[in-house]
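Here is a brisk report on one protein model.

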Amino acid sequence: MTHNLTLYNSLSRIKQPFKPIHEGRVGMYVCGPTVYGDAHLGHARPAITFDILFRYLQHLGYKVRYVRNITDVGHLEHDADDGEDKVAKKARLEQLEPMEVVQLYLNRYHDDMKALNVLSPSIEPHASGHIIEQIEYIKKILESGYAYESNGSVYFDVPKYNQDHPYGKLSGRNIEDMISATRALDGQEEKRSPLDFALWKKAAPEHIMHWPSPWSEGFPGWHLECSTMGEKYLGETFDIHGGGLDLLFPHHECEIAQSVAAQGHDAVKYWIHNNMITIEGKKMGKSYNNFITLEQFFTGDHPLLEQAYSPMVIRFFILQAHYRSTVDFSNAALQASEKALQKLTDTYRRLQNLLPAEKSTVEVPDYITACYEAMDDDLNTPMVISHLFDASKIINSASDGSVRLSSEDLTKLRHLFDVFLINLLGVNVSNDSENTSSSKAYEGAVDLLMEIRKNAKAQKDWATSDLIRDKLGALGFDVKDTKNGVEWSIR
Ligand code: ZN
């Protein structure tokens, strides 16, 4: 089968056929978490979006190197821009070593990702582990003339860069508009223009995270780590750079400027951004009091939540929307996702137990090709889910006996569910506790039928006894009378 994967590129603003730089190999960089707090729904969406892309590229046969960084230094407070790193601030407030803060939240992030069935990336580099590389990168930008030192800090010279290269080409902004929209912020007197951003910040004496550099004891600016680690692990040019839409400006715009300044050319071929999640129509934010962590979703322990939602429901909910659409969380929407997912996993289980007929009594459309076309069309997961629901109708009709399916059609339908529901959408049907309890209930129910049959036989009620054996036989059970009683299994 030939595949024509097309991806929407935020830089060209069109869907483009995907062609990797190196035949058979793909380099993908995704901006990872800033580890100073628990992961919330906003963390789940990029992780799941790029998990789908990672799974699909591998499924198509590419060898993928997927780099997702850990921001553990250099993330300044946006609101106050007081020059204090967020990890360092958390460490100071909680009286912890900064690396304790990082490890604590990183462990929790990994637990959450595992629960969501998000595959681990190939490399997970820490910004704090790449200070030397970041210093070398700053030196290259200084040599190119697009940065300057000021009072021990180093800033990127946006207006100077913009004379030679378009600053704003990713976000579609121009610098005159940006200047008029900029507020006066702390540290501004060190900068030549309010648009200039820090490559290196001199640490104030009370700051606890700092490293020596040619300019001062300090720490790197946040945008720098991704340019530096992307180049280190994926080369000067690589295929895909992803992240949430909130990172497009200024973070990714600054990354482009940094790599053009340091290397003389763009680093990234495809810029891919997932859209945002709102909570009942509002942006997630501290001021709205609607910050719900993933852990709170899993336990239901938050005033806005009517119940707990399993990690698979959260995953399925996110995949029911295209990654470039906004998703609005509400209890009603998540409850609908829970029901829909239950239907699909029930169908999946029924599919395993169906017995083939000699001939199908219904025409089964080519859902496999349809699902590949949906995935190739910029990862259209809601369309894949809609095809799976169409296939479910046929499977459920076969299960209740109103239609019959040939062995060939059954094989195709099982392949459809295995590839798309399990492998690519990453829905985990076997490991959740709900499944364990439902399979226990199922076994108990069959045992109960066996007991009723035994009693019927003891009372010479052959009609009931035969009815149970025959009906279970038709459903795919083998019921055997042995010397020790009755044994049952599924054929
Ligand atoms: Zn980044």
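At 1% relative accessibility, Asp-51 counts as buried. The term buried means under 20% relative accessible area, exposed means over 50%, and partly exposed is in between, with a 1.4 Å probe and protein chains only. This is a predicted model, in which local features need pLDDT of at least 70, side-chain atom pairs count only at pLDDT 80 or more, and totals for chains, interfaces and linings use all residues. Residues are numbered from 1 along each chain as its sequence is written, and side-chain values use heavy atoms, with hydrogens and water left out.

Asp-51 sits in helix α1. Helices (H or I, at least four residues) and strands (E, at least two) are DSSP runs, numbered from the N terminus. Which side chain makes a polar contact with that of Asp-51? The partner is Arg-315, at 2.8 Å. A polar contact is a pair of N or O atoms within 3.5 Å; within protein, one must be able to donate a hydrogen and the other to accept it, and residues adjacent in sequence count only if both atoms are side-chain atoms. Setting aside neighbours within four places in sequence, Asp-51 is in contact with Asn-117, Val-118, Leu-119 and Arg-315. Contact means heavy atoms within 4.5 Å.

**Helix α2**

Helix α2 covers residues 86–94, and Lys-86, Val-87, Ala-88 and Ala-91 are buried there. The buried residues of α2 pack against α3 (98–115). Gln-95 follows α2 and has a positive phi, near 55°.

**The zinc site**

Cys-31 (SG), Cys-226 (SG) and His-251 (NE2) coordinate the zinc ion at 2.1 Å. Donors are N, O and S atoms within 2.8 Å of the metal (3.2 Å for Na, K and Ca); water is not among the atoms, so sites may look incomplete. The spacing of the donor residues in sequence is C-x194-C-x24-H. Cys-31 lies in the loop between β3 (25–30) and α1 (41–59), while His-251 belongs to helix α8 (residues 248–263), so this pair ties together parts that are 220 residues apart in sequence. Cys-31 is buried, at 10% relative accessibility. His-251 is buried too, with a relative accessible area of 1%. Its helix, α8, is mostly covered: 14 of its 16 residues are buried. Just after α8, Gly-264 takes a positive phi of about 90°.

**Aromatic pairs**

How many aromatic pairs does a search of the whole structure find? The search finds 12. Rings of Phe, Tyr and Trp (its six-membered ring) pair if their centres lie within 6.5 Å; planes under 30 degrees apart count as stacked, over 60 as edge-to-face and the rest as tilted. Two of the pairs are set out here.

| Pair | Centre to centre | Angle of planes | Class |
|---|---|---|---|
| Tyr-29 and Phe-238 | 6.4 Å | 45° | tilted |
| Phe-54 and Tyr-66 | 4.9 Å | 65° | edge-to-face |

Tyr-29 in strand β3 and Phe-238 in strand β9 (residues 238–244) are 209 residues apart, and their pair links distant parts of the chain. Both Tyr-29 and Phe-238 are buried. Phe-54 in helix α1 and Tyr-66 in strand β4 (residues 63–68) are 12 residues apart. Phe-54 is buried, with a relative accessible area of 4%. Tyr-66 is buried at 1%. One aromatic cluster is formed by Tyr-146, Phe-156, Tyr-161, Tyr-167 and Phe-197.

An open sheet is built from 4 strands in the order β5-β6-β7-β8, with antiparallel pairing. Two strands pair if DSSP finds at least two bridges between them. β5 (147–150) and β8 (218–220) stand at the edges with a single partner strand each, so one side of each is left without a neighbour in the sheet. Neighbouring strands of this sheet are turned by 20° against each other on average, direction ignored; axes are lines fitted to C-alpha atoms, for helices over the stretch in contact, and angles run from 0 to 180 degrees between N-to-C directions. β5 and β6 (residues 153–156) run antiparallel, joined by 4 bridges. Ser-150 has Ser-153 in β6 as its bridge partner.

Another open sheet has 3 strands in the order β12-β11-β13, with mixed pairing. Its edge strands are β12 (282–283) and β13 (327–329), each pairing on one side only. Strand β11 (residues 277–279) pairs with β13 in the parallel sense over 3 bridges. Ile-279 stands opposite Phe-329 in β13.
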